[in-house]
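I opened this entry to record what I looked up in the structure.

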Amino acid sequence: LAVGVLGLYALLHTSYISYSPISGERVNACFTVLARNQDWRDLRDSMKQIEDRFNHRYNYPYVFLNDQPFSSEFINMTQSMTKAKVYYGQIPTEHWSYPEWIDKQKAAERRKEMKEKGVMYGGSESYRHMCRFESGLFFKHPLMQQFDYYWRLEPGIQYLCDINYDPFMYMKQHKIRYGWTIAIYELMDTVPTLWDSVKKFMAANPELIPEHNSLWWVSRDNGTSYNGCHFWSNFEIADLSFYRSEQYSKFFDFLDHEGGFFYERWGDAPVHSIAAALFLQKEQVHWFRDIGYYHPGWQHCPSGDAWLANRCTCDPNDKSKTITNADWGKCSHQWELLPNTPSSQRKA
Ligand code: GDP
Ligand code: MN
């Protein structure tokens, strides 16, 4: 009942404030926000930025998802930040719990070990459910079924420059299936056996992997080891058909059965990124290097003419924050070195 009442509340409070796009064509797309009730303050910061920098001109809707029922406070405090349509959904229990093949005792022991080792979020159970959900389940939520593209938004991030065009439309027109702004090395203690599992998957499913893929970016030794490069998925814009594909479904199910979401601490970022490397060509993945973005830890700050024209407020030369200047940021330069697919082999 509580969920029903909240749903009704959300409906009443959104229908009269929803606006159509101001002008031009829109893509069938949304922002997707996974959040806890207490995240609303940090989310208002994020929403203020994405609205001011971009969405007040486009009014793309928001889908908020939570493993708990959203509080009326959360709903009030987020829907009041936008004129766009907002949806609030609870995550089904089976998408935020242990699959039956997971040994919970073993998972608890591994968490303890990783915590003692000082691995970031190593002791957290909820973080693991979050990573598994973001890896393979968020796009299965009923509220997501109506959309073709999504843009992930987190609490406490910043958009550092105006976005004067529609990145969804850019992706659609250029047939791009995955867009990113920050690429970084993984903390390898969180994924010690992920690559072993990826190798097993590749060996068992060669027919799912196209000849011209982007694997070179994640493995410089021809598939022997993982170099840790991944797109920082707290920002990502994706064509949801990538996640809904047979290839991605099989990949996620395989990894899910391997158990590393619980016995290690596999993140959704390396999982998404390795999938993109396995299944997509360089031309189907786009670095939005003109989008200035900060998530605690790192920023991507455009430089050159775009910085001035798009009213950026970040310092591209700030070595402590700007990822492309740091050793941890080599992955983005290396993406640029990934060879282009021969034109005869490009996917239409
Ligand atoms: P970090 O970016 O890896 O440091 O992790 P965050 O704390 O930012 O979490 C990633 C995303 O998942 C954010 O959008 C959080 O709001 C969300 N999140 C993390 N843990 C939970 C949780 O237990 N429940 C819900 N509903 N959302 C969560
Ligand atoms: Mn975060």
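I count two strands as paired if DSSP finds at least two bridges between them. The model I examined is predicted.

Strand pairing. I looked up strand 4 (residues 149–152) and its partner strand 9 (residues 237–239). Three bridges join strand 4 to strand 9, and the two run antiparallel. In this pairing I found Trp151 opposite Ile237 of strand 9.

I then turned to strand 1 (residues 29–34), which is joined to strand 4 by four bridges. Strands 1 and 4 run parallel. Here I noted that Thr32 stands opposite Arg152 in strand 4.

Helix packing. I next examined helix 2 (residues 40–53) against helix 3 (residues 72–79). Their axes lie 9 Å apart, at an angle of about 15°. I recorded the crossing of helix 2 and helix 3 as right-handed. Helix 2 contributes Trp40, Leu43, Arg44 and Met47 to the contact, and helix 3 contributes Glu73, Phe74, Met77 and Thr78. Sorted by class, the contact has five nonpolar, one polar and two charged residues.

Ligand surroundings. Which residues surround ligand 1? I listed Leu34, Ala35, Arg36, Asp39, Asn66, Asp67, Ser126, Met130, Glu154, Pro155 and Asn234. One of the surrounding residues, Leu34, falls within the range of strand 1, residues 29–34.

Methods
Residues numbered from 1 in each chain as written. Chains lettered and ligands numbered in written order. Predicted model: local features only at pLDDT ≥ 70, side-chain atom pairs only at ≥ 80, totals over all residues. Near = placed C-beta within 6 Å. Axes fitted to C-alpha atoms, helices over the stretch in contact; angles between N-to-C directions. Left-handed = near helix turned anticlockwise from the far one by under 90°. Contact = placed C-beta atoms within 7 Å. Nonpolar A, V, L, I, M, F, W, Y, C, P; charged D, E, K, R; others polar.
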